[in-house]
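Please look through the sequence and the model shown here. The briefing that follows goes through them topic by topic.

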Amino acid sequence: MRAWTATALPALPGAGTVPRIHDQATDTLQPAATGDTARLYVCGITPHGHTHIGNTATFLAYDLLVRALHDAGVTVTFAQNVTDVDDRVLAVADAAGADWEDLAAEQTREHLTDMAWLGVQPPDRLVTVTEAIDQIGQSVLALIERGHAYRVDSPDGAEEDIYFDVSAADSALACWTLGEESHCTRDQMLRLFAENGGDPKRRGKRDRLDPLLWRAARQGEPAWQVIGLPEGRPGWHIECAVISEALLGADFDVLGGGRDLVFPHHELAAGEATALNELPMARVYSHTGMVSYRGRRMSRTAGDQVPLARLRDAGVDPDALRVAILAHHYRSDWEWQDEELARAQERLAGWRAAHRAGLAGGDHAETADNPVLASLREALARDLDAPRALRVLDAWADSPETPELVARAARALLGIDLTKEPQP
Ligand SMILES: [Zn+2]
């Protein structure tokens, strides 16, 4: 599927440093690239509801990463999936009496519009699950052949479902161990597995944590034919194991997503990917914090959330939304307050006024060691510290020298346009 169109990044003098970002598996900061290329995969949307501030905070974090890597002279290949067929998509469509394909297509379209509006750097490759069914099916067959997957009788008369054998993978694979990425105890895993689409109580499974790889067709559910498998559809984790490998190869640099993906999604996708390739899925497992609203974590299906489309329709300045979100470090958990947008708009207006005042002031010599540019680069290089980068702009606005360079740096590194004129 085609992603949205990229906005051009202005050129800056010199080069930034490759950011070091937090790795869940080692609990250390690791370089996001180890050479002049980086391969990044960020788990994409499940299009069963609006994209909200919580999702957006995640996508903005990796937008900063892409920008910082680009500034460091690294060529980034960025890939993403869209989980367009999934239990949640089917359930929401069913409840609304809508066609699941229409729901997924409509919510995906809205998401692409949201991301373009916000100026997020698009993935180079965006692949939906329904586009990758055959590849996923072939991988499920390969896992069965290698003894990493098995068939389980369906209680409701459907054909057999296929499950990934976590214990077999754990003992057979040199570079994957259950718990190595998430550091969860077995009890925590069982709880998270049950809360996130897993079926620990399914009879016939070898281990309660074994995830579904392929679900045989049920009455009224969409299904695809892959020779060698019952007519059916993929489970959740296998899609990212297969799509990421197809687009980036194994052992890519950064696997990213919200912290709710640490377990089961990223840990089990990594197990499945390793069982397929005998290589680690990724070098760095990166996660963003959770955003709540009115005391509850934002989710696509919760009533209490802030859809981006609503802000877009209300004529909100997308840069103000960026400032509001980037004021929180990407790894922190935080609560969205409606007043934040007005505060961010005011902060942004201050920087824009400083930019105009600076332009009127004269001397605009530009050098790579410009202290504001250096400080912005330094802030992003240390685990994408956007709040610190915004404070650098606050300090600059008190004495706005080199306004043209600072405006270009704000646009290239933070996606914030300081040159916009105030609204009449
Ligand atoms: Zn994923």
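**Briefing: metal site, helices, cores and strands**

H265 is buried, with a relative accessible area of 1%; buried means under 20% relative accessible area, exposed over 50%, and partly exposed in between, with a 1.4 Å probe and protein chains only. This is a predicted model, in which local features need pLDDT of at least 70 and side-chain atom pairs count only at pLDDT 80 or more, while totals for chains, interfaces and linings use all residues. Residues are numbered from 1 along each chain as its sequence is written, and side-chain values use heavy atoms, with hydrogens and water left out.

**Zinc site**

- The zinc ion is coordinated at 2.1 Å by H265 (NE2), C43 (SG) and C240 (SG).
- Donors are N, O and S atoms within 2.8 Å of the metal (3.2 Å for Na, K and Ca); water is not among the atoms, so sites may look incomplete.
- Along the chain, the donors of the zinc ion have the spacing C-x196-C-x24-H.
- Distant parts of the chain are linked here: C43 is in the loop between β3 (37–42) and α1 (53–71), and H265, 222 residues apart from it, is in helix α8 (residues 262–277).
- Helices (H or I, at least four residues) and strands (E, at least two) are DSSP runs, numbered from the N terminus.
- C43 also counts as buried, at 8% relative accessibility.
- T46 is placed in the loop between β3 and α1 too, and T46 is buried with a relative accessible area of 9%.
- The side chains of T46 and R88 make a polar contact (3.2 Å).
- A polar contact is a pair of N or O atoms within 3.5 Å; within protein, one must be able to donate a hydrogen and the other to accept it, and residues adjacent in sequence count only if both atoms are side-chain atoms.

- Helix α7 (residues 237–248) has 12 residues and reaches 17 Å from first C-alpha to last, close to the 16 Å expected at 1.5 Å a residue.
- The expected span is 1.5 Å times one less than the number of residues in the helix.
- Because 10 of its 12 residues are buried, α7 is largely enclosed by the rest of the structure.
- Among the buried residues of α7 are H237, E239, C240 and S244.
- G249 follows α7 and has a positive phi, near 85 degrees.
- In helix α4 (residues 133–145), the end C-alpha atoms are 18 Å apart, which agrees with the 18 Å that its 13 residues should span at 1.5 Å a residue.
- The buried residues of α4 include I133, I136, G137 and L143.
- These buried residues pack against β6 (149–152), β7 (161–164), β8 (212–216), β9 (232–234), α7 and α8, where contact means heavy atoms within 4.5 Å.
- Just after α4, G147 has a positive phi of about 80 degrees.

**Nonpolar cores**

- A nonpolar core is a set of buried Ala, Val, Leu, Ile, Met, Phe, Trp, Tyr and Cys residues joined through side-chain atoms within 4.5 Å.
- The largest core has 76 residues, of which I53, L321, W336 and L414 touch the most other members.
- Helix α1 gives the most to this core, with 11 residues.
- Not counting residues up to four places away in sequence, L321 touches I53, W117, L118, L308, L311, W336 and L341.
- A second, separate core of 56 residues includes C43, A104, I162 and A241.

**Buried R67 in α1**

- R67 lies in helix α1 and is buried, with a relative accessible area of 3%.
- A polar atom of the R67 side chain lies 2.8 Å from the backbone oxygen of G119.
- Not counting residues up to four places away in sequence, the residues that R67 touches include T7, Q121, R322, R411 and L414.

**Strands**

- Two strands pair if DSSP finds at least two bridges between them.
- Strands β10 (residues 252–258) and β11 run parallel and are joined by six bridges.
- G256 stands opposite S286 in β11.
- Strand β11 (residues 282–288) is mostly covered, with six of its seven residues buried.
- Three strands form an open sheet in the order β13-β12-β14, with mixed pairing.
- Its edge strands, each pairing on one side only, are β13 (296–297) and β14 (334–336).
- Strand β12 (residues 291–293) runs antiparallel to β13, with two bridges joining them.
- The bridge partner of Y293 in β13 is R296.
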